[in-house]
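Colleague: I would like to learn how to read the features of a model. Please take me through this one.

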Amino acid sequence: MTGGGGEDVPAPRRRPLTVLPLVALIFYDVSGGPFGIEDSVRAGGGALLPLLGFLILPVLWSLPEALITAELASAFPTNAGYVAWVSAAFGPTVAFLVGFSKWASGTLDNALYPVLFLDYLRSSGLALAPPIRSLAVLGLTTALTYLNFRGLHLVGLSALFLTAFSLSPFVALTVLAIPKIRPSRWLAVNPKAIHPRGYFNSMFWNLNYWDKASTLAGEVDEPRKTFPKAVFGAVALVVGAYLIPLLAGTGALPSETAAEWTDGFFSEVGQRIGGPWLRVWIQAAAAMSNMGLFEAEMSSDSFQLLGMAEMGMIPAIFARRSRHGTPTYSILCSATGVVVLSFMSFQEIIELLNFLYGLGMLAVFAAFVKLRFKDPDLPRPYRIPLGSVGAAVMCVPPVLLIGTVMCLASATTIVVNIIVLAVGVAMYFGVERLKRSGLVEFLTPVPSDSFHGSSSDDDVEDVRAVLLPAAVPPAQEEEVASKAE
């Protein structure tokens, strides 16, 4: 094992992300607009439950996850993101499994977007025969992957444009809907039509992935200041992007239309409220939104692999950057996973990735609480204004929500997730054997055998010493270096 890898590659051009592009990337990591929330109306038996869900769950679920991301991303501004947090708390074995499960859930999530893009084109009358459709998915994935390869700064600017375009038709929809809104329609609920599994999976999927942006922390300009600002800006944008169109659509249409609210129904809402021109505008915005979702997810997944390679968890080849500053082989690996998984159906993907993502988030919440209690003096440029006990209590509602989603999962989903975790365990031991063989190059790993167990304050400093030598205060450099040795 060496600390090298890629000496023959010229210094890449790296342009750091600033606040607004990072807000747009977080927005697409989590949301991308109100596309996909329509099924919550049908599964919720009317407008009341989804409206309450998008009012309450951001406070109980999204805000705690966003706050934890802001605190720990400022403490560990590295591309390893949540993998570094879990490693500092529980060691590299657990961190590897969390990294693998989250990368797998992200790749599953990303497999949706080229397919959904073509689905929106089909609803506009551009249907493709199955063989051509498969080639179109491959071509679209290749084109979007190339944009990701060309640089994160370019992806961030593209996300800004796509955010503005994707939300623009809903400004028109809301204005046109105002005269037709009947507030009593917001209270509609049919208990017999409620589908708990579909409702909770829809809500959970549309409000998760806040921590994904942490894998871009190493590419952010002044991450200790920029990250908290971007996270809180994205929270406001996501909640507004869901609630305002949902209030307009459910308030303007009769309550009896609840059963019609399935994926893509917002285009029909546009047709009924504004006419064909608004329908086409919403369909175009939905198609472009899927491009933004793909780009943001691909960036997070590939830079996560880069961060894991920098920690010595996976081969050094995944840390090699192109001349554009992007992780070439990490991008190729993520793109291959997307193509392989793109044959699955929408509902299959949603349920599987929710379960996988929930497992990873349980480890993240546990790491956050453990670091608060075991290492209260860890430098945290942004700190949630709660004591350790209050921070632990804050994690209870999202943990209960994860438990609810998992309890509602089908037997098939549980079995598949057990298989995925078994594959992750096998890959961990396979990677460890590769390290010992010396056949594959690895970067210098986190320097503490004690990580294969409980953490201590010294373990946390070890992680920071390896990943963030520039982040340690000068007065502590000599002490941290001696601990790492």
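Modeller: Start with a term. Helices (H or I, at least four residues) and strands (E, at least two) are DSSP runs, numbered from the N terminus. The model is predicted: local features need pLDDT of at least 70, side-chain atom pairs count only at pLDDT 80 or more, and totals for chains, interfaces and linings use all residues. Residues are numbered from 1 along each chain as its sequence is written, and side-chain values use heavy atoms, with hydrogens and water left out.

Colleague: How many helices and strands are in the protein chain?

Modeller: The protein chain has 18 helices and 0 strands.

Colleague: Which residues make the nonpolar surface patch?

Modeller: The idea comes before the case. Patches are made of residues with over 30% relative accessible area and no salt bridge; like charges are joined within 9 Å, nonpolar side chains (Val, Leu, Ile, Met, Phe, Trp, Tyr) within 5 Å. A salt bridge is a side-chain nitrogen of Lys or Arg within 4 Å of a carboxyl oxygen of Asp or Glu. Areas come from the Shrake-Rupley method with a 1.4 Å probe; for residues, only the protein chains shown count as cover. Here Leu 52, Leu 55, Ile 56, Val 59, Leu 60, Leu 63 and Phe 232 make a patch of about 560 Å². Helix α3 (residues 48–75) gives the most, with 6 residues. Phe 232 sits in helix α9 (residues 223–252).

Colleague: Is Phe 232 buried, partly exposed or exposed?

Modeller: Buried means under 20% relative accessible area, exposed over 50%, partly exposed in between (1.4 Å probe, protein chains only). Phe 232 has 32%, so Phe 232 is partly exposed. Of the 485 residues of the protein chain, 57% count as buried.

Colleague: What is the phi of Tyr 209?

Modeller: Most residues other than glycine have a negative phi. Tyr 209 has a positive one, near 75 degrees. Tyr 209 is in the loop between α8 (196–207) and α9. Tyr 209 is buried, at 2% relative accessible area.

Colleague: Which residues is Trp 277 in contact with, leaving aside neighbours within four places in sequence?

Modeller: Contact means heavy atoms within 4.5 Å. Trp 277 lies in helix α11 (residues 276–310). With those neighbours left aside, Trp 277 is in contact with Ala 172 and Leu 176. A polar atom of the Trp 277 side chain lies 2.8 Å from the backbone oxygen of Gly 274. Trp 277 is partly exposed, with a relative accessible area of 48%.

Key
Polar contact = N/O pair within 3.5 Å; in protein donor to acceptor, adjacent residues only side chain to side chain.
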